[in-house]
Amino acid sequence: HTHYIYIIIMTTTVVCHVPSSSIVGSALGGKSSLVVTAENDGVLLHKTSSLSSLKDVNDDDEKVNTFFRSWRASRDENVKFAHPCVYDGITRTYFGCTTTKTTTKTTASSGKEDVLRRDNFTYPPEYLDLGPRIKKALVESNEFDPEMYDLVCDVRSPSEYKDDHVPFAISTPVLSDQQREEIGTMYVQVDPFEAKKLGAKLTSENLSKILEEHFLHLPKTTKVCVYCFRGGERSLSLAHVLSRIGFDVSYVPGGYKKYRETTLKYLKEEAAKFRYHVVAGKTGCAKGKLLDALEKRGAQVIDLERFAEHRGSVLGEDPENGFVGQPSQKMFDSRLAHKMRKFDEKRVIFVEGESSMIGKVQIPTMTWKRMGEGKATILSIPMEHRVKWIRQNYEHFETTEVPRLLEKLQVLEKRVGNERVNQWRSLVAEKKWDQFVEEILVHHYDRAYDQASKRSRPNDFDEESGERKGADQGGADELFLENLEEQTYDKAAEDLMEKYDKVL
């Protein structure tokens, strides 16, 4: 028997004269795709999953043209023009010639008819069939997690990687910054084809170095994810080589650009679903130590200062990164979003009370808003232990970084006056460190904390008197710890979790 099937693709309609048991094409439209087959003298329509346009199925429109050219040229009843392939439960449509037989079965539980086939699709004879070797890693999916891969390779240039990258990714640039600039200039000013030739030459040389440095010692079972800026030539160059070797390879469609869009969307929309409990307190109360104790006990904790590589004050530069500066805003966002994606929305997140700016990076608007709406606990410890904690964590200012300390003190002249800063300089010169630390805490940090608290958490203060409300009046709880001992902070963490970390 013969059927006449209308295949509607975009704005073109073609009538195909085909025998039964042949797959003849697909009709694309809206948010889904119907794969049309002629099976046992009948027509079956198989609905695929969420395809918004032809480009969701094919890389470019040239494949559509190939489809029609093939049909017009052959007029052969035995030529099948399109077929569904099932990968990870998703039906995708590919254009080309095939002799694949399609069988059907009915699922007992659902009663729905599924299309099943062996993966023996072949391209038209004039094309080389490279097979399904590279999978797609969709960064916009909730299931995407860079930690599920053994290696995540960022093939962009070193400067792009430094600005921001997917967490846990390593830098494997297929083009250096200079090479990328050179090829880009040639592409625009000389000729795209000449630029591609040079790009291929340089990429091939760099791929050899990447393989030698990162892959020669790895087993075949290694799972690799590769991405570039848009998910194009740079990422596919490495992904193709790795896939031909035999590694388990995925690449990111849309590349870093799609990842960044997904991160911003998450911080804007998903962050609103979380509840926060703020651990507040004056400088030197070891709030970070309490957060560490909470995390060790299994609480959901975000250490904003650690992500920002800054301790949130004029003296807050992190010596652990060699004073090279903070990460970019993009990097801070990526670290925050990655941590939050692992959290349970039904549990509270413990976070240190901060200003909206931590050094040069800004806490995302929605996160900052939800922190201000959450409950707070104000931590305090005796002054002698505050001084001890500051000296312990800022030891570099007493040894190798005294000139840097004096430079930072100059910045404070506008806030506390020249006379006060000169007194501090004298204490530094005389190495009276305990007295210096207590002086700067009382006359600068404590005052700054009081002012910042009223700005960031106005609901904790009485509108008329300006005094802080008690916990029974809807204000913050207070937590006084007598010392800096580990067991003291561990017990405090246990009490906080018992009181606030309850699943809603």
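Within helix α5, the residues Arg 234, Ser 235, Ser 237, Leu 238, Ala 239, Leu 242 and Ser 243 are buried, where buried means under 20% relative accessible area, exposed means over 50% and partly exposed lies in between, computed with a 1.4 Å probe on protein chains only. This is a predicted model, in which local features need pLDDT of at least 70 and side-chain atom pairs count only at pLDDT 80 or more, while totals for chains, interfaces and linings use all residues. Residues are numbered from 1 along each chain as its sequence is written, and side-chain values use heavy atoms, with hydrogens and water left out.

Helices (H or I, at least four residues) and strands (E, at least two) are DSSP runs numbered from the N terminus, and the chain has 16 helices and 21 strands. Of its 504 residues, 44% count as buried. Contact here means heavy atoms within 4.5 Å, and among contacts with a separation of 6 or more, 63% join residues 24 or more positions apart.

To return to helix α5, its 13 residues (233–245) should span 18 Å at 1.5 Å a residue, and because its end C-alpha atoms are 18 Å apart, the two values agree; the expected span is 1.5 Å times one less than the number of residues. Just after α5, Gly 246 takes a positive phi of about 125°. Strand β14 (residues 248–251) holds Ser 250, which counts as buried because its relative accessibility is 5%. Leaving out residues up to four places away in sequence, Ser 250 touches Ile 134, Lys 135, Ala 137, Tyr 149, Val 224, Cys 225 and Val 226.

The next topic is the nonpolar interior. In soluble globular proteins, nonpolar side chains tend to be buried together. A nonpolar core is a set of buried Ala, Val, Leu, Ile, Met, Phe, Trp, Tyr and Cys residues joined through side-chain atoms within 4.5 Å. The largest such core has 26 residues, and those with the most contacts inside it are Phe 274, Tyr 276, Ile 302, Leu 304, Leu 336, Met 340 and Met 371. At least two residues of this core come from each of α6 (255–269), β15 (275–281), α8 (304–308), α9 (329–340), β17 (348–352) and β20 (375–380), and α9 gives the most, with 4 residues. Apart from this core lies another of 23 residues, among them Leu 294, Phe 350, Leu 379 and Ala 492.

The C-alpha atom of Lys 287 is separated by 8.9 Å from that of Gly 353, although the two residues are 66 residues apart along the chain. Gly 353 lies in the loop between β17 and β18 (357–358), and at 26% relative accessibility Gly 353 counts as partly exposed.

Two helix pairs can be compared by their axes, which are lines fitted to C-alpha atoms, for helices over the stretch in contact, with angles running from 0 to 180 degrees between N-to-C directions. The axes of α11 (residues 383–393) and α15 (residues 433–456) come within 10 Å and cross at roughly 105°, and the two helices are therefore roughly perpendicular to each other; angles under 35 degrees count as roughly parallel, over 145 as roughly antiparallel, 65 to 115 as roughly perpendicular and the rest as oblique. The residues of this contact divide into 7 nonpolar, no polar and 5 charged, where Ala, Val, Leu, Ile, Met, Phe, Trp, Tyr, Cys and Pro count as nonpolar, Asp, Glu, Lys and Arg as charged, and the others, Gly among them, as polar. For α12 (residues 402–411) and α14, the axes come within 10 Å and cross at roughly 170°, which makes α12 roughly antiparallel to α14. The contact of α12 with α14 has 7 nonpolar, 1 polar and 1 charged residues.

Finally, there is the backbone in two loops. Most residues other than glycine have a negative phi. Glu 309, by contrast, has a positive phi near 50°; Glu 309 lies in the loop between α8 and α9 and counts as buried at 18% relative accessibility. Lys 431 has a positive phi of about 60° although it is not a glycine, and its place is in the loop between α14 (418–429) and α15, where Lys 431 counts as exposed at 61% relative accessibility.
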